[in-house]
Amino acid sequence: MKALNRMSISEKAELLHQFFPEEMHYLLAHIQEACRARVNAPQSRLDNWEQTGLKFERWMFLNQEIAESITANVNQIASNKKMFSKYLFRGDKALVTLLYMPIFINFWYPPESPFYYAYLLFFGNSLRNNRKAMSANPPSPIK
Amino acid sequence: MKPLKNMTLPEKAAFIHPLFPDEIPPLLEYLHEVATSVKEMADIIRATWNRHDLTADQWFSLCEHTADTIEHRKAELISDASAFAFTLFQGETAKLSLYGIGLYLDTRRHPNSPFKVILRTVLHRASPDFQASLDDGTQNSTTIKPPLLITALKRMTTLEKAELFHHLFPTEMEPLVAFILRTAEKQYENAQKGTIPYTRPDIPFDQWRWLLGRVIQNIEQHYHEITRDREIFAFRLFKNLMANVVVDILFLYLETRKEDTKLRAALILFFVDLKDHSGKPESNSNV
């Protein structure tokens, strides 16, 4: 395992999964729900997706893909850190997941919970920084 | 069933597998981590390689193969004792598996758990292969630190969290340990003079002062090892009640690094339970 400042987003996601294995089903349900809501009513809730820097079509496509991946592999994703990082944090998917995670944390956890601090520890940088880190170390395509 | 001494290595592995179904997934995770770490430290390993039965490149290829096998056949290896035994404990692959198990036995998590005792007894002591892998210098030739044993945060011990903290923030260690030393010395001096308001309810004052003395002594004697080696950092500064004293000082350190959200998040995430919540850290910040 690398030092924190040398870890990729995927590696951080794996560590988050290892820290909180019992929270993963809740997180997945939330991300899935959020993605589905965007896909089903794209105009009703635009959120702040523009800050991801993605085009709208790409944003919607990623939402749909994440929702479908979770539906098809929920148990594997919840129990396997590699699957978790692959389906939720690889490439631009991380931008979607990281946009929804703070909402999940604020809604489901008390202020200053361990999960909140883990999020700060791993993904505390702005989305722009996360995006920069990913383009510096582009992920390989999903097999 | 055969007596243990007549069993082959895969038979021993197949014998252990069904006895501890819950222990197999973390063991596989650990072996995967070992295989990956070895690959990451290829340059150091290559430079110090002294095994005769394998070349360094063969060892790396073994690591890659094992990591790949565990990654792609994990479900099968967990559910099927025979697949577990004959995939990981036969032929050359067994050398890496036994090496990984040797490291696993050295981790401090549950050192006397029945699973570890059985592993040690059945594979370690009873297996000539395993003994040979130790005797022929495998452990020396592939001198790597055992990978960190990461589990759910709530099940990690303070020592494991301290190791992980060190591992995640290696460049922070020199200023941080120097700060711990300076602050502990100042607190100790004030404690001797009786000029420090002491409010920590869970540690008697004399014991707290003694613990400060131990922290100072440990850092003075092992400064370089503590800053460079995560195990020594954990052992010298976070063992038993020393952790409480050190954690209070770490939170004081945080006051000097207010803008560092990651460091703050890590300290709170790993150590907030040990912090003195009675208000002493604020009063100590003036020392």
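Does B:Asp57 count as buried, partly exposed or exposed, and what is its relative accessibility? B:Asp57 counts as partly exposed, because its relative accessibility is 46%. The model discussed here is a predicted one. The points below begin with the salt bridge that involves B:Asp57 and then turn to other topics.

**Salt bridges within chain B**

- B:Asp57 is paired with B:Arg46 in a salt bridge whose closest N and O atoms are 2.7 Å apart.
- This pair links distant parts of the chain, with B:Arg46 in helix H3 (residues 42–47) and B:Asp57 in helix H4 (residues 56–79) of chain B, eleven residues apart.
- B:Arg46 is likewise described as partly exposed, with a relative accessible area of 43%.
- Another salt bridge brings together the side chains of B:Asp206 and B:Arg209, at 3.2 Å from N to O.
- B:Asp206 and B:Arg209 are separated by about one helical turn, because they are three residues apart in helix H12 (residues 205–228) of chain B.
- B:Arg209 counts as partly exposed, at 23% relative accessibility.
- Over all chains, the structure holds 20 salt bridges.

**Salt bridges between the chains**

- Four salt bridges are counted between chain B and chain A.
- In one salt bridge between side chains, A:Glu22 meets B:Arg155 at 3.3 Å, N to O.
- A:Glu22 lies in the loop between helix H1 (9–19) and helix H2 (24–40) of chain A, and B:Arg155 lies in the loop between helix H9 (138–141) and H10 of chain B, so the pair joins two chains.
- Both partners count as partly exposed, A:Glu22 at 38% relative accessibility and B:Arg155 at 44%.
- B:Glu33 forms a salt bridge with A:Lys81, and the closest N and O atoms of that pair are 3.9 Å apart.
- A network of salt bridges links A:Lys81, B:Glu29, B:Glu33 and B:Lys74.

**The interface as a whole**

- Contact between the chains involves 25 residues of chain B and 24 residues of chain A.
- Chain B and chain A bury about 2,100 Å² between them, and 60% of this area is on carbon and sulfur atoms.
- On the chain B side, the most area is lost to chain A by B:Leu168, B:Lys262 and B:Leu269, which together account for 27% of what that side buries.
- Eight residue pairs, both residues at pLDDT 80 or more, are in polar contact between chain B and chain A.
- Helix H2 (24–40), helix H10 (158–168) and helix H15 (261–271) of chain B each supply at least two residues of the side that touches chain A.
- H15(B) provides the largest share of that side, with seven residues.
- By class, the side of chain B that touches chain A comprises 14 nonpolar, three polar and eight charged residues.

**Two phenylalanines of chain B**

- B:Phe270 is located in helix H15 of chain B, and it counts as buried at 4% relative accessibility.
- Beyond its neighbours within four places in sequence, B:Phe270 is in contact with residues of both chains, including A:Phe19, A:Leu121, B:Lys161 and B:Leu168.
- B:Phe270 and B:Lys161 are 109 residues apart along the chain, while their C-alpha atoms are separated by 6.0 Å.
- B:Phe179 has its place in helix H11 (residues 173–193) of chain B and is buried, with a relative accessible area of 13%.
- Not counting residues up to four places away in sequence, B:Phe179 touches B:Ile249, B:Leu252, B:Tyr253 and B:Thr256.
- From C-alpha to C-alpha, B:Phe179 and B:Leu252 are 9.2 Å apart in space, although 73 residues apart in sequence.

**A loop residue of chain B**

- B:Asn240 lies in the loop between helix H13 (230–237) and helix H14 (242–256) of chain B.
- The phi angle of B:Asn240 is near 50 degrees, a positive value in a residue other than glycine.
- B:Asn240 counts as exposed, at 65% relative accessibility.

**Chain A**

- Chain A has seven helices and zero strands.
- Of its 143 residues, 49% count as buried.
- Among contacts in chain A between residues at least 6 apart in sequence, 73% join residues at least 24 apart.
- According to UniProt (unreviewed entry), residues 91–109 of chain A carry the feature "transmembrane region".
- Residues 91–109 of chain A are 84% helix and 0% strand, and the end C-alpha atoms of this span lie 27 Å apart.

How values were computed:
Residues numbered from 1 in each chain as written. Chains lettered and ligands numbered in written order. Predicted model: local features only at pLDDT ≥ 70, side-chain atom pairs only at ≥ 80, totals over all residues. Heavy atoms only, no water. Contact = heavy atoms within 4.5 Å. Buried area = accessible area lost by both parts, 1.4 Å probe. Polar contact = N/O pair within 3.5 Å; in protein donor to acceptor, adjacent residues only side chain to side chain. Helix = DSSP H or I, 4+ residues; strand = E, 2+ residues; numbered from the N terminus. Nonpolar A, V, L, I, M, F, W, Y, C, P; charged D, E, K, R; others polar. UniProt positions renumbered as here; feature names shortened; annotations may be inferred. Buried < 20%, exposed > 50% of the residue type's maximum accessible area, 1.4 Å probe, protein only.
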